[in-house]
Structures are given as C-alpha cells and as structure tokens.
Amino acid sequence: PGSPRHTNRLINEKSPYLLQHAHNPVDWYPWGQEAFDKAKKENKLIFLSVGYSTCHWCHVMEEESFKNKEIGEIMNKNFVCIKVDREERPDVDKVYMTFVQATSGGGGWPMSVWLTPDLKPFAGGTYFPPDDRVYRVGFRTVLLRIAEQWNQNKDALLENSQKIMEALQIHARICGQAQESPPPSQEVMAMCFQQLSKSYDEEYGGFSEFPKFPTPVNLNFLFTYWALHRTTPEGARALQMATHTLKMMAYGGIHDHIGQGFHRYSTDQHWHVPHFEKMLYDQGQLATAYTRAFQISGDEFFADVVGDILLYVSRDLSDQAGGFYSAEDADSYPSTTSGEKREGAFCVWTAEEIRALLPEPVEGAAEGTTLADVFMHHYGVKEDGNVSPAKDPHGELKGKNVLIVRASPALTAARFGLEPGRLDTLLSQGRRRLAAARAQRPRPHLDTKMLASWNGLMISGFAQAGAALAKEEYVCRAARAAHFVRRHLFDAASGRLLRSCYQGQDSAVEQSTVPIQGFLEDYVFVIQALFDLYEASLDQGWLEWALQLQHTQDKLFWDPKGFAYFSSEAGDPSLLLRLKDDQDGAEPSANSVTVMNLLRAASYSGHMEWVEKAGQILAAFSERLLKIPVALPEMARASAAFHHTLKQVVICGDPQGEDTKELLRCVHSVYCPNKVLLLEDGAGGSFLRRRLPFLRALVREAGKATAYVCSGSGCSLPVTAPRELRGLLLG
C-alpha cells in the first residue's frame, strides 16, 4: 500500500532476486563498474551479498537486517553494498564461495563477504542474525568491527587479503600434464561405488543422515555401474540402492503429493519435512533419473513419477513462449489476509482442514469410515500435526501435516477392507479435492528468470522421458523449449549463448540492457540437451547446432596449458579467479558432463580431437577421481564411457515406416549408457552422411529397416528384428 519509502539502483534490474531488494533502505548496487569505481574513489570497503530469489534464509536476513533502517545506515555509511543473484552470475558466486568455504569450513546462501576496494575478500560468512546471540555474533556488530578495522589497520588488512588471494589461486588450480593418461576407469568406478555404498542409508535410501538432497548424479552413476556389472552382486546392489532411494523420495514429503514435482531437499533422514522451494534443475534431473529407473525395471511406478514431474513443470514452470522458469519459493502467505509469509504455508494441512474437505462416508468400509480417514491414514496425517518440533525451528509448521506415504496401497486397502483399485480411486479423488482447496491459497513467489543451463537440463528431462515412455508430447515440449533457447538465449551473429532472459511486462520475454554472456555450464547443459533431443526426435538440425556450440565452447573456455574447461571466459578484470568446478553436487559439474558430450560429439562428427580432449579432462581431474571419486560421480561415469568407447547404434530405414519405428522403440526401451543413436534414412546430402562416410556402406536388408551396432573397430552384422537388436545392446 502506498509508494515505497526507499528505492535503490536495483529497481533498474531484471533479476527477480535483485528486484526483491530494490526498496531496502540499503543503497544497493548491482555487480558492475559503477560500484567498483565508487569503492575506489571513496576508498571504501565493499559488502557483497549473494543469494537467490527462492532462498529461505536470504528472505530471513532481508527481513531482519536489510529492511532495518538503522542497519541500513551503518551499511551505507561504511561500505559500498553490492547485491548479486547467484543464478545470474555463478562466476562471481563461485569465486567468493571458494573463499568462504576455505576460510570458514562451510558455505551457503545468503553469502556475506567483505572485500577491499580492489575486490579481494578478507572476511565472510553466510547468514548473520541482526544482533548478538549466545553462540553467534550479530550482523550489526560484524559491520561495526570491520569498519573499525579498516579505519585503524588498513595496511594489515590489505596485506592479509593479498595473501588470501595467493593461497586461493594455488588451492583452486586444476591442471593436467601434456602426456598424462586418464585414470583407469575400473578403479575409479569401483572406488566410487564403494564410497557411495558406505554412505548409503539402507532403510530410507539416500547418502547422508540429514539434510538429504536428491543428488541425481549419484543415482545416474549407480545405474551406469549396474549396466556394466549386471550379473554381479555389486551390480545388483547398485541398482537396489538407486531404485530404493527413488521410491523412498517419491513416497516422502520431499515429493509434493498434491501439486506434483519435488522440493529442494529434506531436513530429516526420512525424506519427510522438506525445504519447500522447488528448483527447475531438480525437476529436469529427476525426470531423467526416474525415466532410467523405468527403462531398467519396467515398473510403472517410476513412469508415473516422471509424468507427475513433467505435469508440474508444464503447468507451473513454463513460459508461454516455451522456456522454463527457474524456481518456486518456499515461503508464502498462509491466507489472503496474512501479513507475514511462512515457510511451507502453501503445501501443509491441518487434520481439521482435511476432515472438512473429505467428509463423505466410504462405501464398503467399516461403518463411519470417511474418505478423510482413509486419506489421513495413507498420508500419515495426525490430529496435532506430524512435523517434529526439531525440524521446525521457527514454529511455522506447528499443528500442520506434511503428507508422506506411510503404508503401501495394499496395506491401506487391507486396513479398510477395500479393493486396491477402489483405494486408488479414493486417494486420487482426495488429492484432487485438496489441490482445488490449495489453489485458493496465495501462491509462493515464482522466479520467472529463464537460464540457458537449467533450460538445458529440463529439455533433457522431457526428451529422454518422451523417448523411453513413447510420449510424443514430451518430445514436442522439449523441442519447443529448444526453439525458445535458440530464439531468446542465443546470439546468432556471434554464435554465442546468453545466460538469462526474463518474463517482462505483459508476459513478453525480455533481455537485460547488457545481456549476460553464457558460462561454461550453459554451453554444456544445452549441448547435452540437443544431443538428447536429436535421439528423441531424429531431427538432425539439433545435432548441427550442438556441434557448432561445442566448437564455440572450445574457443571460449578450454585451458590449453592445464587442460579441461574454465567455468568462465577470460578477460573480465572483476573476476579474480578463473575456476574449474571439481564437485558434482545438486547439479553435475560442467567438466563432468562435457566428457560425455565430447564423446557423443566425436561419434556424430568423426572429429576425433574431441575424444582426445575428453581424455585430457579426465587426466586433469585424475587425483580427485582416484582418491574421492564420490565427489565426481558424473565424471566417474563418463570415464567408463571413455574407456569402453561409445557404441554407434545405426538404424537404416524410413523414419515413417513401422519397421523403423519398432527398432527405434527397442533402442529407447533399453538402458544402455554408453551408446549414441543415429538414423540413416538414405538422404544423400544429410548432415550425418557428410560427417560420417561409413554410413553410406550400411544398407537395408531385404528392403527392411535394419540396425547395426558400430564402434571404432567396425560394425556388427545387420539385424532386422527388435529381439536381436536388444541382444546386441545388452551384450
């Protein structure tokens, strides 16, 4: 109500996170030359605050400190204050997060760092409460102490910051030697499997006690390990670890049983009480992981979860122009009259609400049983709430329930004397009723920023699901998003990707005045998406664009001295370090994914220099892969593909012919991690024929669609029956 009392420079930005802070009493600057010049001219320290728009603790720190007029005055008087959206500028985030992790042993967001006027960090942390607490110094105290230190011991502070930077440069160096070989793949895979097996939670799945993150990179590694060791006890255990984890997550509260999709992580061991934000990168990677579980097991349970994730993304994270939004917030107003947001308010229920929504008696069950009784039993709802106070530090979930499947459908059906099919109908009816009630609540904030990298991960999710589940609508959605990336996140004149674009006024897609250039992860995830989309759609145009982008990536990011790719381009004086990520976390690291991209690119183009580059990346990360491969499961998985050489599965046939479609369905139904799929349709001047002359020698047997499985040494005998092809793929 009324006009805001304060407005700072962030009002001119496009990022939803920066705009959230545009009316703080803090004189915020965006990251850029204007702020740097002011710090130098006035000889002031810089306070750098990094976060993202759906970050719960970022909201807390804003409410407590950045909206506080007195704290704002201290900040404005003593510092040049800069706000960064980590999703827009992962390069800036990584440089200073490297410092915070190295000096405090931990990291996270909001990240709070103090820099000298020449951008060198000397003090930092994450969230600070506004005032001193028993075990924690307050933000106000830290600000005043640092300002005093700068006034009294400027030279010592500058000297210290210089030493810190030198140490960080040594710490962050990752490089290989010219003739170094990649580490032996078998050893890397075995060690990674052992390390994951050791940290595996036998009862609830996952790889830590709590908090528990989905970490699809671990699950994808286990699927690959299984595929290479199908007949061994270790292979069976790898598959069991992955599928059990996926099932427990799908039953848990981390899975939104009413609104679909997955929350960011679980605060407890049981996947029950989540941190409620939903991130696009999780949905994309989890769609792929559940798709692979379905391919391997044939269990429709996994296919249903894939459908659930893609429904959520299509409905709630999709821009009308075809792109995908970044995230939904954890916090929202409990009701239209509330003055204060609460975490999880959009997603949680009291027993009373459920009883009021599902009052009707259930036919065939014991007398007096209502739909609410059945629903509450199945989803673990308790009269006084099912959230442990230990997992609710602010008391926001008191008396509330986070839905979690507590019994199998068979057990719930037996308890109420119902047929399993009847139970499914009742639960589905209950979920629909709760969804309609939830639609009346105020929605959480939606971050409508669209990032090339995360759009890439989501395109892969739709494309792989579409191919494996034989759902053409998913492949079409992936293609629509790829067209969006080409139109709004790619500069055709320079051949370069852009990092981000935004939903603007009247839902039009807008770009920043000075667009942010794409980072390594943007290229890597988009290239991976285009390869996945080619295999699902067989449109060679996607392949052609992927290979062009790979050449651009090589030019902008490759380290010719130490090998592997830098995360950011050279030539930005405000970036003190050019880093190479060495951790597969919530998202896989770009160098890990690019190993597989390079092997695929070589298989589609015959350009063998890319295989050499893949080997050089593995060599550069050799020490880490041999000691703690669990930090790089995606790269460990790629090392197996490098070692075994990719199979080229070539289908010769008319794309519209039923016999061709049968062979393609067979390829898509088998989980075979170390292969690429090519369609040879006989078109003389096709992109693939020009690149791969050997395709001309492959012919259709007796006029039928025919498959060949080729590798460096030659091709298999031709097969025309899906059963024979399946045998070749699994052999």
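# Exercises on a predicted model

Apart from residues up to four places away in sequence, Asn-386 touches His-272, Tyr-379, Gly-380, Val-381, Lys-400, Asn-401, Val-402 and Ile-404. The model you are looking at is predicted. Let us start with this residue and then visit a few other places.

## Exercise 1: Asn-386

Find where Asn-386 lies, decide whether Asn-386 is buried or exposed, and look for its polar contacts.

**Solution.** 
- Start with the place: Asn-386 is in the loop that runs between helix 14 (371-378) and helix 15 (409-416).
- Next, accessibility. Buried means under 20% relative accessible area. Asn-386 has 11% relative accessibility, so Asn-386 counts as buried.
- Now pick one partner, His-272. This residue is 114 residues from Asn-386 along the chain, yet the two C-alpha atoms are separated by 9.5 Å.
- Their side chains are joined by a polar contact of 3.5 Å.
- Finally, turn to Gly-380: its backbone oxygen lies 2.9 Å from a polar atom of the Asn-386 side chain.

## Exercise 2: Glu-277

**Solution.** 
- Glu-277 sits in the loop between strand 7 (274-275) and strand 8 (278-279).
- With 0% relative accessibility, Glu-277 counts as buried.
- Leaving out neighbours within four places in sequence, its contacts are Tyr-52, Thr-54, Cys-55, His-263, Arg-264, Glu-328, Asp-329 and Ala-330.
- Of these, look at Tyr-52: the side chains of Tyr-52 and Glu-277 make a polar contact (3.1 Å).
- The C-alpha atoms of Glu-277 and Glu-343 are separated by 8.9 Å, although the residues are 66 apart along the chain.

## Exercise 3: Helix 12

Check the span of helix 12 (residues 300-316), then examine its start and its buried residues.

**Solution.** 
- Helix 12 has 17 residues, and at 1.5 Å a residue they should span 24 Å. The expected span is 1.5 Å times one less than the number of residues.
- The end C-alpha atoms are 24 Å apart, which agrees with that expectation.
- At the start of the helix, a side-chain oxygen of Asp-299 comes to within 2.9 Å of the backbone nitrogen of Phe-301.
- The buried residues of helix 12 include Phe-302, Val-305, Val-306, Ile-309 and Val-313.
- An α-helix has 3.6 residues a turn, so residues three or four places apart point the same way.

## Exercise 4: Enclosed spaces

Say how many cavities of 30 Å³ or more there are, and describe the largest cavity and the second largest cavity.

**Solution.** 
- The count is three cavities of 30 Å³ or more.
- The largest cavity holds about 580 Å³ of space. Its lining has 33 residues, and Thr-288, Arg-292, Gln-464, Asp-532 and Arg-600 lie nearest its centre.
- Elements giving two or more residues to this lining include helix 11 (280-297), helix 19 (520-537) and strand 19 (675-680).
- By class, the lining of the largest cavity has 16 nonpolar, 10 polar and seven charged residues.
- The second largest cavity has about 80 Å³ of space. Among its lining residues are His-255, His-257, His-263, Trp-349 and Arg-438.
- That lining divides into six nonpolar, four polar and two charged residues.

## Exercise 5: An open pocket

Describe the second largest pocket and find which helix gives the most to its lining.

**Solution.** 
- Its volume is about 940 Å³.
- There are 36 lining residues, with Trp-31, Gly-32, Arg-89, Val-514 and Ile-516 nearest the centre of the second largest pocket.
- Helix 2 gives the most to this lining, with four residues.
- By class, the lining has 15 nonpolar, nine polar and 12 charged residues.

Conventions. Residues numbered from 1 in each chain as written. Predicted model: local features only at pLDDT ≥ 70, side-chain atom pairs only at ≥ 80, totals over all residues. Heavy atoms only, no water. Buried < 20%, exposed > 50% of the residue type's maximum accessible area, 1.4 Å probe, protein only. Contact = heavy atoms within 4.5 Å. Polar contact = N/O pair within 3.5 Å; in protein donor to acceptor, adjacent residues only side chain to side chain. 1 Å grid on protein atoms, 1.4 Å probe; cavity = no way out; pocket = protein on both sides within 12 Å on 5 of 7 lines; lining within 4 Å. Points joined across faces, edges and corners; volume = space filled by probe spheres on them. Nonpolar A, V, L, I, M, F, W, Y, C, P; charged D, E, K, R; others polar.
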